[in-house]
Amino acid sequence: MKNDDQNNEKLDQLNEHTTSNENEKLTTNQGLKINNNQDSLKSGERGPTLLEDFILREKITHFDHERIPERVVHARGSGAHGVFKLNKSLSTYTKAGFLSKVGKETPVFVRFSTVAGSKGSTDLARDVRGFAIKFYTEEGNYDLVANNMPVFFIQDAIKFPDLVHAVKPEPDNEMPQAASAHDTFWDFISLMPESMHMIMWLMSDRAIPRSLRMMEGFGVHSFKFINEEGKVHFVKFHFKPKLGVHSVAWDEAQRISGVDPDFHKRDLWESIENGAFPEWDFGVQLIPEEDEHKFDFDLLDPTKLVPEEEVRVEIVGTLTLNKNPDNFFAETEQVAFHPGHIVPGIDFTNDPLLQGRLFSYTDTQLSRLGSPNFHEIPINRSVNTVHNNQRDGHMRQQIVKGKVSYEPNSIGGGCPFQAMMSEGGFTSHEERVSGEKVRKRSQSFVDHYSQAKLFYNSQSVPEQTHLQNALVFELSKVTIPEIRERMVGQLAFIDQTLAKKVAEKLGVTVKKLKQPNQSIPADGNIAELQSEEREPNTKISEALSMQNTVKDTIKSRKIGFIVANGADGTALNDLKAKLEKEGAKVELIAPSLAPVKTTDGSMIPKHSLTSTASVCFDALYISAGEQSAIELMAPENRHHVLRFINEAYKHCKAIYFGSGTEALYDNSNIAMKKHEDPAVIIWKDGRSYKQFIEAVSRHRVWEFEPERNK
Ligand code: HDD
C-alpha cells in the first residue's frame with residue numbers, strides 16, 4: 001500500500017484540519033480573495049506604501065512571527081505516522097486496552113531526533129537518537145518518549161540541565177554545533193562516573209545509525225504494568241527493527257554531513273514514499289514486583305539495563321510507519337510528547353530521572369508552543385474527545401457549551417462526571433511510601449562501571465576498535481590536558497586495554513584515579529557515594545553487539561550503479577531486476593545527467609558523478625562493458641569514479657565489478673590488496689550476483705576493515 005492510501009482514526013481526525021490549495025484562489029486569512037499579490041498599495045506608482053494596506057500588513061506580520069523556539073534538546077527531528085498492532089495479549093500484566101486485545105491496531109505518530117544539535121544541524125552527528133512515540137489509544141494518548149540507547153547519562157533529573165549545558169555549543173562562542181567533541185562535555189563527563197555506561201554506547205557506532213529505520217528503541221526507565229487485579233510487574237520497553245541494527249563508519253558520517261546533511265530524514269521520507277514501510281518488533285521485559293531486588297543493580301537506576309540473558313524480551317507487537325506527514329511544522333514540529341501521558345494499566349516508578357521528566361515536558365511545551373492549549377493542536381489531540389472544566393488561555397479552540405466550568409456542580413447536572421475504575425477512570429497505583437525527607441542518592445546506585453564493562457566486553461573486535469577510535473577523536477578535540485587525563489583515568493575502571501589504547505593516541509599515561517569521582521569536592525552526600533568497582537553478573541550479552549543483528553535482507557538498501565555510454569544493458573537490467581526483487585533500491589550514477597546509451601537502449605541517470613558520493617549508497621555496481629569502462633576511465637571521470645570505488649572499499653561496502661571493468665579495478669586501491677574479500681565481487685559467471693546480494697545483506701564487512709585500510 002502507498003503512503004497516501006493509509007487510513008485510521010487519527011488520520012481521519014487530522015483530515016478535518018487539512019487543506020489543499022489545488023485549483024483554489026489566493027485569499028487573506030479572513031478569506032478575502034486577493035487580486036494582486038505582487039505590489040503593495042502606494043500613493044502613486046513611485047510613492048510610499050500606505051498604512052491602509054491590510055493585505056501587506058497581514059502578510060508581513062504573519063511572516064514576522066513564523067518561528068517558534070526550537071526544542072531545548074532534540075531540536076532536529078523527523079516524524080511519521082503509523083500503526084501499532086498487538087500480536088500477543090499482555091492482559092495478564094496490564095489492563096491497558098491497546099496492549100490487551102490481540103489484533104488491535106492503534107494509530108501512532110513517531111518523531112526521531114538528534115539531541116544536541118540545532119534544528120538545522122546534520123543528521124549524522126555522533127549523538128543519541130530520540131525515538132518518541134505517541135499512541136492515540138481509545139483511553140487517551142500514551143507517549144513512550146524513548147531513545148535508541150537503553151540507558152542514560154545521569155541518575156537524577158537535577159543533573160539534566162548541567163548535562164545539556166555541557167554538551168551544547170559552548171556559551172561564549174556558540175561552538176561546536178551538534179558535537180560532543182569539546183572541552184565542556186568531557187569536563188563534565190570525566191567528573192561523572194555514573195555516565196560511563198552511557199558513554200560506552202555514545203562512543204559506539206550506535207551513535208551513528210545507517211538509518212532511523214535501522215535502530216532500536218528503548219523506554220530506558222523501568223515502568224510499571226498493573227493488571228485488572230492490581231498486580232504489578234516492572235516493565236522495560238524495546239523496539240527491534242526488522243531490518244536489523246546497522247551503522248555507518250565515522251569517516252563516512254563526517255562526509256555524509258557535507259554531502260547530504262538530511263541523510264536520515266531523506267531516507268525515512270523516501271522509504272515511506274516508496275512503500276518500504278519501516279517496521280519494528282515491539283517487546284517487553286517483565287519482572288514481577290517481588291523480584292525487584294533480585295538483580296546486581298537497582299531497577300530504578302536509569303544508567304542500567306536489564307541484560308536479555310537475565311530477562312528475555314518477549315515480542316508482542318509490531319510498529320509500522322506508513323505515512324509521511326503532510327506538513328512538517330504542523331505535525332513534526334508541533335507534536336508535544338510527555339512521559340507523563342499514560343493510560344490505565346501503566347504507571348511510573350520512583351526512578352529519580354523519570355520523576356523529574358514528569359515535570360519538564362509540559363513545562364517546556366508552554367514556552368515552545370506558547371499556550372496551555374497545546375493539546376488542542378491537531379497532531380496532539382487524543383482521538384477520544386476531551387471533557388473537563390479547563391477553560392480559556394491563548395488560542396483556545398474547543399467551544400464548550402453551557403454555564404458550568406467547575407466541579408462539583410448542580411447546574412450542569414454534575415457533568416462531566418468522574419469515571420469509576422470500571423469505566424476506565426485512571427487511578428495511580430497505590431504503594432506504601434515512607435522515609436525521611438532527604439536530598440540523597442540511594443546506596444544501590446553507586447555501581448557505575450559494571451555495565452560499562454558488560455557493554456564493552458560484549459562488543460565484537462571491530463566494534464571495540466570503533467569505540468576506541470571515537471574516544472580518541474573526541475578527546476583529541478579537548479584542549480585541556482587535565483580533562484583528557486581524567487577521562488582516561490575513568491576508562492581504566494572499565495577496561496585497562498581500552499584506557500591504554502586511548503591514552504597512547506592522546507599522548508598521555510593512564511593514571512587510575514584513586515577514587516573514581518575523587519575530583520568532586522568530598523562534601524556530605526557525595527563523599528558517601530564514592531563509586532564502587534564491581535563485576536557484572538552477566539559477563540557478555542549478545543544483544544548488545546550489532547554483529548549479532550539481522551543480516552539476511554537487502555530490503556530498502558540503496559545500491560549505486562555506475563554507468564557510462566556503451567554499458568551492457570542486458571547485464572545491468574538483469575541485475576537491477578534481481579536486486580529490486582529482493583527489495584533493494586537501485587540508482588544510476590553517470591558522468592552527466594544526459595541519457596546513457598546502453599547496448600540495448602537508453603537510460604536516464606538519477607545522479608552525476610559529482611552530484612553524489614559513495615557514502616550515500618550501501619553498495620556499488622560498476623556496470624559491465626568495456627566501452628563504458630573506457631569512458632569512466634577518461635581523464636575527466638577517472639578521479640571521480642575511483643573516489644567512489646576507493647571510499648566504498650574503505651567503508652567496508654560490497655562492490656561488484658561487471659565484466660570488462662578490469663581497468664577500474666586495477667586502478668583502484670583494491671588491486672593493491674592481496675587478501676580474499678567476500679564483498680569485492682568480480683564478475684565470473686551468471687552466479688556472481690548471488691555473492692553480491694549476500695555481501696549487501698551482511699551490511700558491511702567490518703572484519704576486513706584493517707585489511708581494507710592498510
Ligand atoms: Fe527528554 C525531549 C527522551 C531525559 C527533558 N526527550 C525529549 C525527546 C526525547 C527524549 C525522545 C524528544 C521528543 C520529541 O520528539 O518531541 N529524555 C528522553 C529520554 C530520557 C530523557 C529517553 C531519559 C531516559 N529529558 C530527560 C530529562 C529531562 C528531559 C531527565 C529533564 C529533566 N526532554 C526534555 C525536555 C524536552 C525533551 C526539555 C525537549 C523538548 C520536549 O521535551 O518536548 O522537556
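Trainee: Where does Pro 416 lie?

Mentor: You'll find Pro 416 in the loop between α9 and α10. A cis peptide bond links Cys 415 to Pro 416, with omega about -10°. Keep in mind that this is a predicted model, where local features need pLDDT of at least 70 and side-chain atom pairs count only at pLDDT 80 or more, while totals for chains, interfaces and linings use all residues. Residues are numbered from 1 along each chain as its sequence is written, and side-chain values use heavy atoms, with hydrogens and water left out.

Trainee: What makes a stretch a helix or a strand here?

Mentor: Both are DSSP runs, numbered from the N terminus: a helix is H or I over at least four residues, and a strand is E over at least two. Back in the α9-α10 loop, α9 covers 352-369 and α10 covers 450-458, and Pro 408 is found between them as well. Glu 407 and Pro 408 are joined by a cis peptide bond with omega about 5°.

Trainee: Why is Asn 23 called exposed?

Mentor: Set the value against the cut-offs: buried is under 20% relative accessible area, exposed is over 50%, and partly exposed is in between, using a 1.4 Å probe and protein chains only. Asn 23 has 77%, so it is exposed. Its place is the loop between α1 (9-15) and α2 (54-64), and it has a positive phi of about 60° without being a glycine.

Trainee: And how do you know whether Cys 652 is buried or exposed?

Mentor: Its relative accessibility is 1%, so Cys 652 counts as buried. Cys 652 is another non-glycine with a positive phi, about 65°, and sits in the loop between α17 (635-650) and β17 (654-657).

Trainee: Which label goes to Asp 685?

Mentor: Partly exposed, because the value for Asp 685 is 26%. This residue is in the loop between β18 (680-682) and α19 (688-697).

Trainee: What does the side chain of Asp 685 reach?

Mentor: The backbone nitrogen of Arg 687, at 2.8 Å.

Trainee: What does Asn 227 reach with its side chain?

Mentor: The backbone oxygen of Thr 92, at 2.9 Å. Asn 227 is in the loop between β6 (223-226) and β7 (232-241), and its 6% relative accessible area is why it is called buried.

Trainee: Which residues is Asn 227 in contact with, leaving aside neighbours within four places in sequence?

Mentor: Ser 91, Thr 92, Tyr 93, Thr 94 and Lys 95. Contact means heavy atoms within 4.5 Å.

Trainee: Now the ligand. What makes Tyr 361 a donor of its iron atom?

Mentor: Donors are N, O and S atoms within 2.8 Å of the metal (3.2 Å for Na, K and Ca). The OH of Tyr 361 is at 1.9 Å, and Tyr 361 is the only protein donor. Water is not among the atoms, so sites may look incomplete. Tyr 361 belongs to helix α9.

Trainee: How many residues are around the ligand, and which come nearest?

Mentor: There are 22, and Arg 71, Arg 111, Arg 357, Tyr 361 and Gln 365 come nearest. A residue gets in if one of its heavy atoms lies within 4 Å of the molecule.

Trainee: Which ligand atom is 2.7 Å from an N or O atom in the side chain of Arg 71?

Mentor: An oxygen atom. For the side chain of His 74, a ligand nitrogen is 3.4 Å from an N or O atom, and for Gln 365 a ligand oxygen is at 2.8 Å. The elements giving two or more residues to this shell are β3 (129-137), β4 (140-147) and α9. Helix α9 gives the most, with six residues.

Conventions
Polar contact = N/O pair within 3.5 Å; in protein donor to acceptor, adjacent residues only side chain to side chain.
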